[in-house]
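Welcome, and please open the structure in your viewer. Have the selection tool ready, and we will go from stop to stop together.

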Amino acid sequence: MNAKELLKLTESLTLLYVEDDDILRESTADLFKNFFGSVESAVDGLEALKLYEKGKFDIIISDILMPNLNGLEMSKKIKEQDEEQHIIIISAYNDANYFEESISIGIDGYIVKPLNNEQLIKELYKVSHKIHEHKQNLAYRVQLEEEIKQRTQEFKESLVTDRITTLPNRLALDDALDKEQEYKALLFNIDNFNSVNMGFGYDMGDAVLKAVSDFLQSKLDKEGQLYRIGADEFIYITQVYSLEHLKSVAVDIQSIFMNDVLTLPNEASVRLTLSAALAQGKADNLVKHSQLALYQARKSGKSKLFVYEENLPIFSAQKERIGWINKLRVALDNDLITPFFQPIVDNRTGAICKYETLARIVDNGKIITPNYFIEPGRVSGQITELTKSIIKKSFEIMADNDYEFSINIESEDLNENYLPDYIKHFANKYNIRMDRIVIEVLEHIHTYDEQQTLEQLETLKKMGVKIAIDDFGNEQSNFSRLLDIQADYIKIDGQFIKEIDSDPKSFKISSAITNLAKSLDAKIIAEFVHKKEVQDKILELGIDFSQGYYFGIPTAKIK
């Protein structure tokens, strides 16, 4: 992500920044003011607590070492008042004790000084996105409850009439179009409309929709009909005007919105921009084509206009995804899924001690890696079937040796709640000890927040199966999750290992994660070790295990 994407989430949030260094506090606070709607500063923990008691803040960012009351002590007191308060700690120290205490308090993120823009943006994005989703869900529930209450005798009419704008809706549009006739469509979308709902509330959002609707109706000729067909989408349908004429109309409307302020009830005002798209053709594809053109327009930025034409890039992407969905289906049906094994080396002895199992499609000698078929498999619901195939085949192969081996698990596998019984069945069938089996779960799997997931992982550990967290250290990292999972292994995200010999930041982050893992009695595995210089740094940090092309590529047979 970048600063513009972050701003979309933070511009309506409030921030409390705590730092005892006057120069650093002033300069950093000025930086934060570019992102947050409101920024207040405090010189130490005591002053911060006083400000916190006067009014809540969406996010608190604090240094650790400060006079009177340090950042961790302040955070603990604030968490006692509100355990949901979002706090990010900034420190110049990589001390594992600070990491451990931050985890126990429930800190959302830990940033090591000196501040790095990329790391800072990632941490702010992660926390702001969590706040954003919470507010969205809350607003959605409130809106849903209101909609249920308002279902009255006007229900029949409401099926074809938009409640907010009184425009005919998508159902009315589908009923009005003659499938044998050709039409022109001009589609408008309010850019970043969700920020209006989040920043001003749904009442103001409804007022914006009504005002936009009234304005569009005043500018669009009566020779066509305006419809509201989505949350923030309006489509004008006509058989009279040419695309060139409609394009001119669209540009004029976009210009007015870009340069003028939209006046709302209660003397409120807001500045909006509209993206637009044009399409023509038979009724059955008209809306779809205009929405595809709108997608291309919004990819280019705000207030853009795009005219539909054949062979849009999105068609190629869709065709490619469908192709891989079909190829995966054929591979599963014809038993072409093959486990490959990459060695993992014990850095104390230099010997191979375990393997990671990796899924491949092998077809007529061609080896296909997961980056082609995992996401299509996720979209098509084939992930669980793929995982089961890998478990079954890898257990059969590993029955002939005594190595420990790991298998990657996806969210879909945890959602299906089959893993403990399935693993137990094949472990018994092939006489494999449970302590040889490692389940690798991605660090950012969203189902960790569900009790069912934690119960499955706990059941697997009681069976003797080990748990590894993969890709730890990426932008989704959550320190408190480590305590919930009680992982046996932590695999450092490969982006830090690949350049650990030349990038000081990667070295520092890897060092911090290593210290954290040791404080939690977890073993560390470094992936993507591709050359001696990288392995030398791994050994310098005291990392337990190494994996990568420097030691061996994935192969179908155990060496």
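This short tour visits a few surface patches and some helices of a predicted model.

**Stop 1: a positive patch.** Select Lys-4, Lys-8, Arg-298 and Lys-302, and show their side chains. These residues gather on the surface as a patch of positive charge. Is Lys-4 buried or exposed? Its relative accessibility is 69%, and exposed means over 50%, so Lys-4 counts as exposed.

**Stop 2: a negative patch.** Next, select Glu-145, Glu-146, Glu-147 and Asp-203. Here a patch of negative charge gathers on the surface. Which helix gives the most to the negative patch? That is helix H6, residues 117-149, with three residues. Glu-146 is found in helix H6, and because its relative accessibility is 36%, Glu-146 counts as partly exposed.

Stop 3: Leu-144 has a relative accessible area of 35%, so Leu-144 is partly exposed.

**Stop 4: helix H15.** Finally, select residues 383-398, which form helix H15. From the first C-alpha to the last, the 16 residues of helix H15 reach 22 Å, close to the 22 Å expected at 1.5 Å a residue. Colour the buried residues of H15 if you like; among them are Ile-383, Leu-386, Ile-390, Ile-391, Phe-395 and Met-398. Lys-393 in H15 is buried too.

Conventions
Residues are numbered from 1 along each chain as its sequence is written. This is a predicted model: local features need pLDDT of at least 70, side-chain atom pairs count only at pLDDT 80 or more; totals for chains, interfaces and linings use all residues. Side-chain values use heavy atoms; hydrogens and water are left out. Patches are made of residues with over 30% relative accessible area and no salt bridge: like charges are joined within 9 Å, nonpolar side chains (Val, Leu, Ile, Met, Phe, Trp, Tyr) within 5 Å. Accessible areas come from the Shrake-Rupley method with a 1.4 Å probe; for residues, only the protein chains shown count as cover. A salt bridge is a side-chain nitrogen of Lys or Arg within 4 Å of a carboxyl oxygen of Asp or Glu. Lys and Arg count as positive and Asp and Glu as negative; His and the chain ends are not counted. The place of a charge is taken as NZ of Lys, CZ of Arg, CG of Asp or CD of Glu. Buried means under 20% relative accessible area, exposed over 50%, partly exposed in between (1.4 Å probe, protein chains only). Helices (H or I, at least four residues) and strands (E, at least two) are DSSP runs, numbered from the N terminus. The expected span of a helix is 1.5 Å times one less than its number of residues.
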